[in-house]
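Hi,

Here is the structure I promised to pass on. Could you look it over before reading my notes below?

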Amino acid sequence: MTVADATQGGLSWRFVPGYVSAQCIGGLLGVYAAHLMFGQSVFQVSGHMRSGGSQLFSEFVATFGLLAVIWGCSRTRPAAIPFAVGAYIAAAYWFTASTSFANPAVTLARSFSNTFAGIRPVDAPGFIAMQLLGALAATGLFRWLSPRLPETAEAILVRHSGERVQVPES
């Protein structure tokens, strides 16, 4: 897949089931590993209530902000994305009422942890809906801010050799 392919319409839909499965399995394995590290029962279901408008709005804000960080970095500093995401999630854990799940796979995984970090399975669909809305809103905003990005992405990306490609004059 070329950069143009990835920026035109994202990854091919045929890869989506694999990515979703990998994220969900990775999330569950992470929860189980954390339970083992803290001497907890490996298999749990969360009883931690996370419901109500403030929690749902908070999750929208958390996800919108995460996607804004990713889209913003991808325009000028793609190599900084992993660091920016880590910093944002660490901060959003503290500044959002929802503790910033910001990812449906994380929400599902945390429904299997009966700790403060968990979420009751009955509350998870609302979080996932707000995450999808937050992601769509941030993506829409950045498509509006940079409508030609898919057409010019090849020209603004830094080559692996370290040489920067010149942006053509519009």
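A word on accessibility to begin with: buried stands for under 20% relative accessible area, exposed for over 50%, and partly exposed for what falls in between (1.4 Å probe, protein chains only). With that in hand, Ile89 is partly exposed, because its relative accessible area is 27%.

Please keep in mind that this is a predicted model, in which local features need pLDDT of at least 70 and side-chain atom pairs count only at pLDDT 80 or more, while totals for chains, interfaces and linings use all residues. Residues are numbered from 1 along each chain as its sequence is written, and side-chain values use heavy atoms, with hydrogens and water left out.

**Overall picture**

The chain has 7 helices and 0 strands; both are DSSP runs numbered from the N terminus, with helices being H or I of at least four residues and strands E of at least two. Of the 170 residues in the chain, 29% are buried. Contact here means heavy atoms within 4.5 Å. Among contacts between residues at least 6 apart in sequence, 66% join residues at least 24 apart.

**The nonpolar core**

By nonpolar core I mean a set of buried Ala, Val, Leu, Ile, Met, Phe, Trp, Tyr and Cys residues joined through side-chain atoms within 4.5 Å. The largest one has 7 residues, namely Ala62, Leu66, Leu67, Tyr88, Ala92, Ala102 and Ala138. Helices α3 (53-76) and α4 (81-95) each supply at least two residues of this core, and the largest share, 3 residues, comes from α3. As general background, nonpolar side chains tend to be buried together in soluble globular proteins.

Leaving out residues up to four places away in sequence, Leu67 touches Ala135, Ala138 and Thr139. Leu67 and Ala138 are 71 residues apart along the chain, yet their C-alpha atoms are separated by 5.9 Å.

Ile70 lies in helix α3 and is partly exposed, because its relative accessible area is 28%. Beyond residues up to four places away in sequence, Ile70 touches Ile81 and Val85. The C-alpha atoms of Ile70 and Ile81, 11 residues apart along the chain, are separated by 6.0 Å.

Back to Ile89, which has its place in helix α4. Apart from neighbours within four places in sequence, Ile89 is in contact with Leu66, Ser100 and Ala102. Ile89 and Leu66 are 23 residues apart in sequence and 7.4 Å apart in space, C-alpha to C-alpha.

**The loop between α4 and α5**

Which residues does Ser98 contact, leaving aside its neighbours within four places in sequence? They are Arg50, Gln55, Ser58, Glu59 and Phe127. Ser98 is found in the loop between α4 and α5 (104-110) and counts as buried because its relative accessibility is 0%. A polar atom of the Ser98 side chain lies 3.2 Å from the backbone nitrogen of Ser100.

Ser100 is in the loop between α4 and α5, and at 4% relative accessibility Ser100 counts as buried. Its phi is near 50°, a positive value in a residue other than glycine. Ala102 is also placed in the loop between α4 and α5, is buried with a relative accessible area of 8%, and has a phi near 55°, again positive in a residue other than glycine.

**The second largest pocket**

On a 1 Å grid over the protein atoms alone, a pocket is an open set of points where a 1.4 Å probe fits, with protein on both sides within 12 Å along at least five of seven lines, and lining residues have an atom within 4 Å of a point. Grid points are joined across faces, edges and corners, and a volume is the space filled by probe spheres set on the points. The second largest pocket holds about 160 Å³ of space. Val31, Ala34, His35, Phe38, Gln40, Arg110, Ser113, Thr115 and Ala117 line this pocket, and helix α2 (residues 16-37) gives the most to the lining, with 3 residues.

Best wishes

Methods:
Polar contact = N/O pair within 3.5 Å; in protein donor to acceptor, adjacent residues only side chain to side chain.
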